[in-house]
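Please read it alongside the sequence and the coordinates.

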Amino acid sequence: YLKISKLALAFAIIHSKPPGKSCKEYTEHLAKTVSEQDFGWKSKVEALEAEVLRLRQELLLNKICPRFCLENDASAETLLDQECIKPMNDSSQLEDSGCDVSNDDAFDSLGIPSDFHQSEHNVNTSKRWLERVPPLNLCRTGKEESLTAPVQFLQHLLEIRKLSERGILQADFTELENDSFTICNSVSQLLDGLTIFYNSPKFPVSHFLSEAVCVLISLITDSKLSNHVLKKCFKKLEEFKKNLIRIILRNISVNRFQALHAVSHTLVLLARNNILRNSLISLLLSEVRQFAEQLLQAHQIQAMYDVTRYENIFLLCMILEQLLQNETEDSNVSSSDYDGEETIKFLKNLDQIILHLSDEFPLFSIYLWRVSVLLNSSQIQ
């Protein structure tokens, strides 16, 4: 049937081709025309799907908070005024100089503007957004455009949560259980957009992208909303963490360190959620252990090893050390979730690995030893 169809199509093209054109040229012209039509339909479908999601987001917000009005206008407006964030100054943005920045005081050790920390628990709001959902008053690039709808929706969800907690609004968050599609798609779009940015970052980082990270962290650390999000989006969040780790390990650009510090900082922020922190520690232990074993094997047979990967692995060691240090200092956090198979694998034969690598790779050996000390300390506690 397929052969007959191809033959019939070939005859149809031959009979209908205009004079002055070869069959090959006419076939290529027809193929291009059809592909352009397909692309047009795909664009229309994507636009309609985006509009459907936006309408579902508005509907879900209406179900959670049926009355888009404030019970106490004066107190609510005062509260919202206090929580509105200040725009970043251009001088506080990251500058891509490779290893250095113009204003050391404006950055922390991971290369993130200090204003970022001040706005982590805030959301960009308008005084009367509850009456009609307004667009964000921000200039966005092509990459940021896809983040607009999910960031707006999640911002509004967080703000309803804050206002309901203070008794200003009556909200029913059990509706999130009845509409898993909307919350899953919104979080997925947010994570996909951030992954695209981290794969090819541009500096200075726009305020909108910093705000998107703030919204994500606020969502996963909120006492009520985080349970709904993790229940429905845990696999997507795990994939997001793995993507960030891959970006760190595989980046080979010369001026990569500032961008990788920003990725590292996002991983540390994700670890503010206990469940995500434990799974992240397991992922990092696995990556560092596998690299240590590969490096030992290459060293023993005097083979070449990936120098760029060796440089990048230190960022994972730094994140791992910071998370384990936090675990050791915080007596309220149980480390039983990651003190299992990955910890056993990591500590197994670690002394021998350190012994063989210490002469050729002293800094990496020190990091391995420090991580092992923290792991042993958590087990003792």
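## Two helices that cross

Axes are lines fitted to C-alpha atoms, for helices over the stretch in contact, and the angles between N-to-C directions run from 0 to 180 degrees. Helices (H or I, at least four residues) and strands (E, at least two) are DSSP runs, numbered from the N terminus. In this predicted model, the axes of helix α1 (residues 2-16) and helix α2 (residues 23-64) come within 10 Å and cross at roughly 105°. Helix α1 is therefore roughly perpendicular to α2, given that angles under 35 degrees count as roughly parallel, over 145 as roughly antiparallel, 65 to 115 as roughly perpendicular and the rest as oblique.

Contact here means heavy atoms within 4.5 Å. By that criterion, I13, I14 and S16 in α1 meet C23, Y26, T27 and L30 in α2.

## Basis and confidence

Residues are numbered from 1 along each chain as its sequence is written, and side-chain values use heavy atoms, with hydrogens and water left out. Because the model is predicted, local features need pLDDT of at least 70 and side-chain atom pairs count only at pLDDT 80 or more, whereas totals for chains, interfaces and linings use all residues.

The predictor's confidence in each residue is expressed as pLDDT, from 0 to 100. The mean pLDDT of the protein chain is 79, and 76% of its residues reach 70 or more. Over residues 68-140, however, pLDDT stays under 50, and the model has 141 contacts beyond four places in sequence for this stretch. Where pLDDT is low, the predicted coordinates should not be read in detail.

## The chain as a whole

The protein chain contains 16 helices and zero strands. Of its 381 residues, 46% are buried, where buried means under 20% relative accessible area, exposed over 50%, and partly exposed in between (1.4 Å probe, protein chains only).

Its accessible surface comes to about 20,600 Å², of which 53% belongs to carbon and sulfur atoms; such areas come from the Shrake-Rupley method with a 1.4 Å probe, and for residues only the protein chains shown count as cover. Among contacts between residues at least 6 apart in sequence, 79% join residues at least 24 apart.

## Residues within helices

S279 is found in helix α12 (residues 274-300), and it is buried because its relative accessible area is 15%. The side chain of S279 reaches the backbone oxygen of L276 at 3.0 Å. Leaving aside neighbours within four places in sequence, S279 is in contact with E238 and K241.

Q189 belongs to helix α8 (residues 180-199) and, at 29% relative accessibility, counts as partly exposed. Not counting residues up to four places away in sequence, Q189 touches L53, S146, L147 and P150. Although Q189 and V151 are 38 residues apart in sequence, they are 9.1 Å apart in space, C-alpha to C-alpha.

## Residues within loops

A171 lies in the loop between α6 (148-165) and α7 (175-178) and is partly exposed, with a relative accessible area of 29%. Its contacts, apart from neighbours within four places in sequence, are with I64, I160 and S164. A171 and L61 are separated by 110 residues in sequence and by 9.4 Å in space, C-alpha to C-alpha.

N349, in the loop between α14 (341-347) and α15 (350-357), has a phi near 60°, a positive value in a residue other than glycine.

Terms used:
A polar contact is a pair of N or O atoms within 3.5 Å; within protein, one must be able to donate a hydrogen and the other to accept it, and residues adjacent in sequence count only if both atoms are side-chain atoms.
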